[in-house]
Amino acid sequence: MQLLDGKSLSTKLKTHIKTEVDSLTSTGKRAPHLVAILIGANPASETYVAAKIKSCEEVGFQSTLYRYDASITEAELLQKINEINADSSIDGLLVQLPLPKHINETKVVETVDYRKDVDGFHPTNIGRMAKGLPCTLPATPYGILKLLEEYKIETAGKHCVVIGRSHIVGSPMSILMARNDYPGNATVTICHSKTKDLSSFTRNADIIIAAVGIPQMLKADMVKDGVVIVDVGTNRIEDATKKSGFRLVGDVDFDSVKDKCSYISPVPGGVGPMTIAALLLNTLDTYKRGE
Ligand code: NAP
């Protein structure tokens, strides 16, 4: 078994990005600028946004965080997004999800200018991705592609089972794994909560991408020997031995499954850091397109 080490790959990618940013700023150009909007006090969202801002600092990006109370109205939020859209000194904008219930997520995602949509959630980017046109890829699937590429995972002709069909992970991942490119050219099965007998699919998978949100649901008897597993799940479970009172686990029962895998991504240290690296790559790209 070999680990798909997202932590070390993300460090390597950040070093490359920093070198590029240093060379841009040394010629008098401004650094890429990412803006994050955080609403409310969801602890997981706080952690994700803090990690994104810290990573911007590490690579020399400018970053701005706008924090709002959960009582912000939808109209106020949309107005702020429009202001940022119009500001040519800003290259990337992300609005951390989930949003409070009174704010329409679709409206928010569609209001972000697709050229600044570094999360890759805007319908224009999703549509262009589906057609194989140049676009900003959704950050988590993009990070997973980078991970598969780094470890030269063979994907052509393989049976890839994606568990989960969310708009941000499962669904785009299934499109990307089936596209005529590398990584891709896999035969893809997409499973979800209405799938009957999930194991009958996962047992026949050469590659499994689990994006469900159920702690350790994928067990050893559900996979075949030699499988490649990408575990997207990021679940907090109680752990009295930790200062925080919890620890992070994936959707895969890592300890029971690992010995059957040829490759497996750990949680933490797999897809999480790759999502942030992909976000930085997307921001650098939108910056370059806007030059
Ligand atoms: P989501 O929107 O809740 O989607 C979960 C998907 O899993 C849905 O499509 C759901 O099916 C499916 N599902 C639920 N129960 C199932 C079951 N028993 N068998 C098969 N499929 C089942 O979640 P998400 O946003 O995609 O996130 C999934 C996980 O990845 C979460 O743990 C999240 O925290 C994590 N995540 C991590 C990163 C990262 O950077 N590491 C990024 C994004 C998400 P239905 O469509 O039928 O409801």
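Author: Domain bounds come from an automatic or database domain assignment. In this predicted model, that assignment gives domain 1 (32-116) and domain 2 (139-272).

Reader: How far apart do the C-alpha centres of domain 1 and domain 2 lie?

Author: The separation of the two C-alpha centres is 27 Å.

Reader: Where does asparagine 125 lie, and is this residue buried or exposed?

Author: Asparagine 125 belongs to helix H5, which spans residues 123-130. A residue under 20% relative accessible area is called buried. Asparagine 125 therefore counts as buried, its relative accessibility being 2%.

Reader: Which residues is asparagine 125 in contact with, leaving aside its neighbours within four places in sequence?

Author: With those neighbours set aside, the contacts of asparagine 125 are Tyr114, Asp117, Gly120, Cys135 and Thr136.

Reader: Turning to the sheet, what order do its 6 strands have?

Author: The strands of this open sheet run in the order S1-S11-S8-S7-S5-S6, and their pairing is parallel. An edge strand pairs on one side only, as do strand S1 (2-3) and strand S6 (187-191) here.

Reader: Over how many bridges do strand S5 and strand S7 pair?

Author: Strand S5 (residues 159-163) and strand S7 (residues 207-210) are joined over 4 bridges in the parallel sense. Within this pair, valine 162 has isoleucine 209 of S7 as its bridge partner.

Reader: Which strands does helix H7 touch as it packs on the sheet?

Author: Helix H7 (residues 170-178) touches S5, S6 and S7. Its direction and that of S6 make an angle of about 170°.

Definitions and conventions: Residues numbered from 1 in each chain as written. Predicted model: local features only at pLDDT ≥ 70, side-chain atom pairs only at ≥ 80, totals over all residues. Heavy atoms only, no water. Helix = DSSP H or I, 4+ residues; strand = E, 2+ residues; numbered from the N terminus. Buried < 20%, exposed > 50% of the residue type's maximum accessible area, 1.4 Å probe, protein only. Contact = heavy atoms within 4.5 Å. Pairing = 2+ DSSP bridges. Axes fitted to C-alpha atoms, helices over the stretch in contact; angles between N-to-C directions.
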